[in-house]
Amino acid sequence: MVRFLLILVGVVVGVRLLWPLVQRWLRPAPPPVAGQEEPHTLVRCSRCGTLIPQDQLVWQGERPYCGVVCRDATGA
């Protein structure tokens, strides 16, 4: 009898702990919002390797840089 009660308590506790995960798995993903922006494409600086959003890069010829400091430090 004691063994049955311990197993029952274990099952109840396990279900209570796992229920939020089960609900998250069963919930459908929200539909994409119209007009939502695409995430920025990240590009590495040619000198220091920092990842910078593509719209904030400083270009010198074909090479992207994170800013004028890195661009000017290359001596190009």
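Predicted model: local features only at pLDDT ≥ 70, side-chain atom pairs only at ≥ 80, totals over all residues.
Contact here means heavy atoms within 4.5 Å. Local features are given only at pLDDT of at least 70, side-chain atom pairs only at pLDDT 80 or more, while totals for chains, interfaces and linings use all residues. Numbering starts from 1 along each chain as its sequence is written, and side-chain values use heavy atoms, with hydrogens and water left out.

The overall dimensions were computed next. The radius of gyration of the protein is 27 Å, whereas a compact globule of 76 residues would have one near 11 Å. The radius is taken over C-alpha atoms, and the globule rule is 2.2 Å times the number of residues to the power 0.38. Along its principal axes, the C-alpha trace spans about 80 × 35 × 15 Å. Of the 76 residues, 13% count as buried. Buried means under 20% relative accessible area, exposed means over 50%, and partly exposed lies in between (1.4 Å probe, protein chains only). The protein exposes about 6800 Å², and carbon and sulfur atoms supply 63% of this area. Accessible areas come from the Shrake-Rupley method with a 1.4 Å probe; for residues, only the protein chains shown count as cover.

The secondary structure comprises 2 helices and 4 strands. From the N terminus on, the elements run α-β-β-β-β-α. Helices (H or I, at least four residues) and strands (E, at least two) are DSSP runs, numbered from the N terminus.

Helix H1 covers residues 2-26 and includes Trp25. Trp25 is exposed, at 66% relative accessibility. Trp25 also belongs to a nonpolar surface patch, together with Val9, Val13, Leu17, Leu18 and Leu21. The accessible area of this patch is about 640 Å². Patches are made of residues with over 30% relative accessible area and no salt bridge; like charges are joined within 9 Å, and nonpolar side chains (Val, Leu, Ile, Met, Phe, Trp, Tyr) within 5 Å.

Two loop residues were examined in the strand region and beyond. Thr50 sits in the loop between strand E1 (42-44) and strand E2 (51-53). Thr50 is partly exposed, with a relative accessible area of 37%. Neighbours within four places in sequence aside, Thr50 is in contact with Val43, Arg44 and Cys45. Gly67 is placed in the loop between strand E4 (63-65) and helix H2 (68-73). Gly67 counts as buried, at 16% relative accessibility. From the C-alpha atom of Gly67 to that of Gln56, 11 residues apart along the chain, the separation is 8.3 Å.

The cysteines form 0 disulfides, a disulfide being a pair of cysteine sulfur atoms within 2.5 Å. For Cys48, the closest cysteine sulfur is in Cys45, at 3.7 Å, so the two are too far apart for a bond. Cys48 is partly exposed, at 40% relative accessibility. The sulfur of Cys66 is likewise too far from its closest cysteine sulfur, which lies 3.5 Å away in Cys70. Cys66 is partly exposed at 27%.

The whole structure holds 1 salt bridge. This term denotes a side-chain nitrogen of Lys or Arg within 4 Å of a carboxyl oxygen of Asp or Glu. Arg71 pairs with Asp72, the closest N and O atoms being 3.2 Å apart. Arg71 is partly exposed, with a relative accessible area of 23%, whereas Asp72 is exposed at 52%.
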